[in-house]
Amino acid sequence: MWPEPPIAACSRRTSVSPRKAGSSTTERRGMRVPASGTSARTRLAAVAAGAVALTMVVAGCGGGAPAPQGPNPWNQLAAAYPSLAGSDGLVVPSMKPDTSPAGTLYQTAYGRAALRFGGRKLPTVSSDRLLETLDQTARIEPIWSAFQLCMAVGDESGDLLDRAQQRMAVDVRARAVESIRTRDGEAGYSAQVLGCSGTQVLEPHRADVQGIVADADVTPYQRYLAARALGAAGIEVHVDSRTLPSLPDEVTCSDPTAASHWMAIHQLRRMADPEFYHPDRLVDCAVEVAGQLNAQSALAAVVVADRKPGHLQKLSTPVLDPLEQAIDADGMLIPPPPGGLRSTFSYAAALHDGGAEIPRALTAAVQDQINTADAPEDASRDALFAGLCAVDSRLRCPDRVLESGRRWVADADFADLDVNLYTWTEALKLARVLDITPRSQPSAADAAAFTAAYSSDLEQIPGLVDELITAASAAGMEALVDALRPLSDPQRSFREGLEGESLTAAAWAYTAATTLGIDTDGWLDDLAARLERFAINDQTRFPFSETPQPAPADSAASIAAATLISASTT
């Protein structure tokens with residue numbers, strides 16, 4: 001699949017540093033892609049980037065009630081949200097990862113620790129890949145970086161730390177000893193660094209580390225890390241509950257700092273009193289907003305679950321599975337990219353039309369985008385907000401956003417095909433959910449000129465002709481459907497798509513076939529077996545990838561799979 005065209009705007013991205021977690025920046029990118037200066041292939045390709053949902057369902061392949069013999073695929077698609085959510089909680093077109101060094105080290109460290117605490121079997125992590133993440137930023141914060149290396153490996157890592165010290169040109173252990181002595185803000189990290197260097201390295205500093213654990217003026221998280229370092233070295237840990245704050249009544253688990261703080265207090269209280277066990281607030285919160293959790297928040301939830309089967313089971317599918325799926329061949333976990341409003345709209349609209357409940361965590365992420373959208377007014381972005389508010393009744397759009405968005409859709413000139421076709425098809429879908437009648441449509445002459453100019457490009461992009469036929473038919477644009485019909489071979493596209501070329505192309509081909517009145521009897525036979533090679537999760541099937549494994553989870557491909565499964569059971 002192509003990357004999503006630029007409309008992932010106003011995404012609030014959480015910093016990868018847990019000490020800065022909760023801070024955010026607001027980024028805006030251009031909303032419209034003008035035709036001038038853009039190649040025809042680029043304009044045509046843009047349409048294929050993830051907006052399959054509405055046209056498929058409109059064609060009659062996803063809106064009916066599923067037969068009782070199998071699970072509702074739209075509910076399964078909704079349950080897969082955590083595996084399709086980006087770093088900002090919005091849906092990502094493709095989970096092809098961001099490979100920045102700092103983000104990779106952070107995600108790998110906390111993600112592997114979460115999986116380890118959750119009892120998952122982990123592949124050995126590549127030391128060379130870990131060391132490659134130690135860029136200039138790592139040299140500025142050597143203790144923090146070394147702590148993450150230790151977490152990623154999960155056991156004594158003296159040799160790795162020796163190599164890390166050489167790469168960063170810093171005596172990390174000497175700095176850690178000083179940090180412990182002065183009980184600074186990294187004292188707990190420092191205790192962990194000495195601990196993973198070996199018990200013989202930590203032992204001489206036992207008293208100082210015990211002092212950190214006992215000091216009420218040290219943050220609970222740093223005290224917890226120090227206590228864990230002692231325990232891992234077989235050194236007795238004593239925690240006085242009178243020096244601990246009470247467990248907060250609420251926790252914002254999507255904030256890694258808040259989640260780790262709550263976890264640390266809970267675990268310290270368990271050390272003081274083994275009968276103390278009240279993990280539900282954090283565990284339930286993590287399940288509720290799983291798509292907005294980063295790896296550090298996930299670890300906090302898994303730690304308080306404390307290997308109790310009931311609580312671990314709650315976290316298994318929404319929290320641990322996405323982390324496990326993100327492990328690459330070198331044992332590294334790569335942070336997900338930020339999501340996009342376009343792919344979020346497609347996903348939410350598909351769930352709405354399929355009769356599934358939109359995940360509350362996604363609603364919260366979108367509402368945050370609406371509430372923090374920066375000025376000045378951006379009409380195309382507002383149109384997506386308006387569309388999302390139309391399909392998700394829990395969302396609240398300000399009147400100015402609704403008016404701006406509806407005006408943008410109402411003013412769209414659908415007779416003009418020499419534009420970014422993604423914008424064109426998206427506006428059609430928005431018009432449908434907003435109940436706005438398009439003010440224009442291509443004439444027969446317009447459609448003929450378009451297909452004559454771009455036929456070779458259209459035919460080179462898998463499924464694109466079929467997607468356009470489905471979209472145009474749903475909007476009553478029969479002249480365009482007639483012009484595109486000679487370029488379409490749905491049966492071949494369907495077969496080649498399921499053979500591995502493109503799962504979304506297969507779904508587009510099926511919907512185009514039903515639109516054109518082509519007999520599809522037998523097309524969906526053995527569908528479950530044919531979809532297996534695209535399924536990311538062996539147990540839940542959803543999410544799906546665009547091409548056979550190994551490939552990243554893809555939201556449009558997951559919608560395509562739900563569309564086909566729904567059609568096969570109705």
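A: A patch is built from residues with over 30% relative accessible area and no salt bridge, like charges being joined within 9 Å and nonpolar side chains (Val, Leu, Ile, Met, Phe, Trp, Tyr) within 5 Å. Lys and Arg count as positive, Asp and Glu as negative, with His and the chain ends not counted. This is a predicted model: local features need pLDDT of at least 70, side-chain atom pairs count only at pLDDT 80 or more, and totals for chains, interfaces and linings use all residues. Residues are numbered from 1 along each chain as its sequence is written, and side-chain values use heavy atoms, leaving out hydrogens and water.

Q: Which residues gather in a patch of negative charge on the surface?
A: Asp 519, Asp 521, Asp 525 and Asp 526 do. Asp 525 lies in the loop between helix H28 (503-515) and helix H29 (527-531); helices are DSSP runs (H or I, at least four residues), numbered from the N terminus.

Q: How many salt bridges does a search of the whole structure find?
A: A salt bridge puts a side-chain nitrogen of Lys or Arg within 4 Å of a carboxyl oxygen of Asp or Glu. The search finds 23. One of them joins the side chains of Arg 120 and Asp 321 (3.1 Å, N to O). This pair links distant parts of the chain, 201 residues apart: Arg 120 is in the loop between helix H5 (101-117) and helix H6 (127-132), Asp 321 in helix H18 (residues 309-325).

Q: Is Arg 120 buried or exposed?
A: Buried means under 20% relative accessible area, exposed over 50%, and partly exposed in between (1.4 Å probe, protein chains only). Arg 120 and Asp 321 are both buried.

Technical notes. Accessible areas come from the Shrake-Rupley method with a 1.4 Å probe; for residues, only the protein chains shown count as cover. The place of a charge is taken as NZ of Lys, CZ of Arg, CG of Asp or CD of Glu. Helices (H or I, at least four residues) and strands (E, at least two) are DSSP runs, numbered from the N terminus.
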